[in-house]
Amino acid sequence: MDDYPPIFTPMYANHHGVYGHTLETPDNSLDGVRWMVDAVMGSLKFSSENKLEMTKDQLEIFKRGVGFEHVDHPDGYFPNAYLLPLDEQNASATIKGVNELLRHGLIVEKTTETFETNDQSYEEGTYVVRLDQAKRSLANVLLWDGEDISDQASAMYDVSAWNIPELWGFEATPLYEDVSVALEPVTEPLESVGQLIGDGPYVLLNNSVESVQLVNELINEGVEVIRSEEGHFHIDATRNEQLESVISDSNLYLETTDIPRDGSMIHSPEVAILNDRSNHGTRAALLKMGYQVTGISTNDVINHKLEDFDLVIANGGQFDESEDYKKRVHEFIDAGGHYFAIGQSASSVAVNQLELSDATTHTGPRNSNGVVHVDYTPSSVTHGYDEEDLGFVYNTIWFSDVTDEEVVARFAEEDFFKAGFWKDAKEASGQPIVIEGKKPNVTIMGLEPGFRDHPEYLYRLLSNVIFTSSQVELVTPERALMTIENLVDAEQIYYASTINRLTAAAERVIEEDNYDAARNYWNIVIWQWNLNSFSREAYTELRYDAEELLAYYE
């Protein structure tokens, strides 16, 4: 079934009232060229001989749109309009959506007052796209939530679900009644609405691609960014002209708040992408979020090139089956590197060839694809997503025989397949779709969050993994005390008196919470080291903690 989705040019053209059809020749030869020329010339000949009738047909399409006439569908099948409310704290996706509608030549309006409908209140400034307009079919196809067409065809040529509002991350609520509120037309592309509240430091919610872009920009400029345990970003900066300029040109909302003491500092990691042919969209998604990405080959892996990176992303096929390749990947992970497999091919290799998980893999039919309901487990990988949320799959894969501790996300139990084409999808209901490996720093993801640079709402699944692989926990008095306990367990501190002095000093920092107590802790660490009271490895860890505490209280 080739001619269903509007991602193909002829189908997209149809929604503009233009004639179009898919034409592919079955042979890459001179005959194929001749067939293509004959088909094109035949189409041109027909249209030139029937241009008046064809123009009338086009006008009829527009006339039916303006009149809200649906010849082939019952009343109530299509909504009267779509409502797009603007969330000021996460405005970027809605603004992008509205501007995209305008770019397509659609009529967009906004309310001039607060109103209620469907037992819900909408603020003044809510955007409205009515479907009594000439290109109503295009407006509907851009804003509806798609359909499951698995029973309507035996196979699909390509992607069959797009669902732009949810995959971009903005709300588009269908309204099945008359629009009874004052409206004004939106005639120009929407401008940025970024706000900087207070004098800093600031918190930036992990809720948009634009948030990640800013974080990477600030890190590259040397600004400290702390990631909280909830996954939000805390910017250790005060209000200044440069920051004000950046925010005013964005759609970001930053409030002043204290920096959490349980957070981790994040830095810009070295990211490699393996055997990338750019057809999956992962590279484009990463570049859009502000990451620097280096392409590497399987030969690079065998030749120890992984040592130059913090994280490697595999998203595609063409993997080396040699033992040397497998050995190098395991060496990279054992040295602290993060291995991130995405999609069917890479995930299957990670499990079955590289043996990074004991899970069992299962795959759906070729080109099965669509929007799915996903149950996300709260974790560093899923920060910013609801426990019941969305995902996107293409050439589906899922897992079984996985321990609960390793499951990051799974398909919802009931009616998880929302839109697209996937025969017998029910067999994957409730099954794991994102898992952690049996070694630390391994993430295996059956979803396709960067698919063809499209589902921006899911890009943060990528950035969450990257930030997790590159973050360093902040040293707090509580963590300094934990370091002492770990060193005692490892028998790296030699004397009970030293343990008591260090523990008492760390507890004093917790109690007094000031620079003097931190300085006292530092002095005791140096004093005990001079007395040869612990190993060099212990000294390295204890001194690092002490110096970080001094820096924190200065």
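1. Helices here are DSSP runs of H or I with at least four residues, numbered from the N terminus. Keep in mind that this is a predicted model, where local features need pLDDT of at least 70, side-chain atom pairs count only at pLDDT 80 or more, and totals for chains, interfaces and linings use all residues. Residues are numbered from 1 along each chain as its sequence is written, and side-chain values use heavy atoms, with hydrogens and water left out.

2. On to charges. A salt bridge means a side-chain nitrogen of Lys or Arg within 4 Å of a carboxyl oxygen of Asp or Glu, and a search of the whole structure turns up 22 of them.

3. Have a look at helix α2 (residues 30–49): K45 and E49 sit four residues apart in it, about one turn of the helix. They form a salt bridge, with the closest N and O atoms 2.7 Å apart. E49 is exposed, at 52% relative accessible area (exposed is over 50%, buried under 20%, partly exposed in between; 1.4 Å probe, protein chains only).

4. Helix α3 (residues 51–66) holds E60 and R64, again four residues apart, about one turn of the helix. Their salt bridge has its closest N and O atoms 3.0 Å apart. E60 is partly exposed at 29%, and R64 is partly exposed at 30%.

5. R239 and E244 also pair up through their side chains, at 2.9 Å from N to O. R239 is partly exposed, with a relative accessible area of 33%, and E244 is partly exposed at 33%.

6. Finally, a network: salt bridges link K96, K288, D453 and E456.

Methods:
Helix = DSSP H or I, 4+ residues; strand = E, 2+ residues; numbered from the N terminus.
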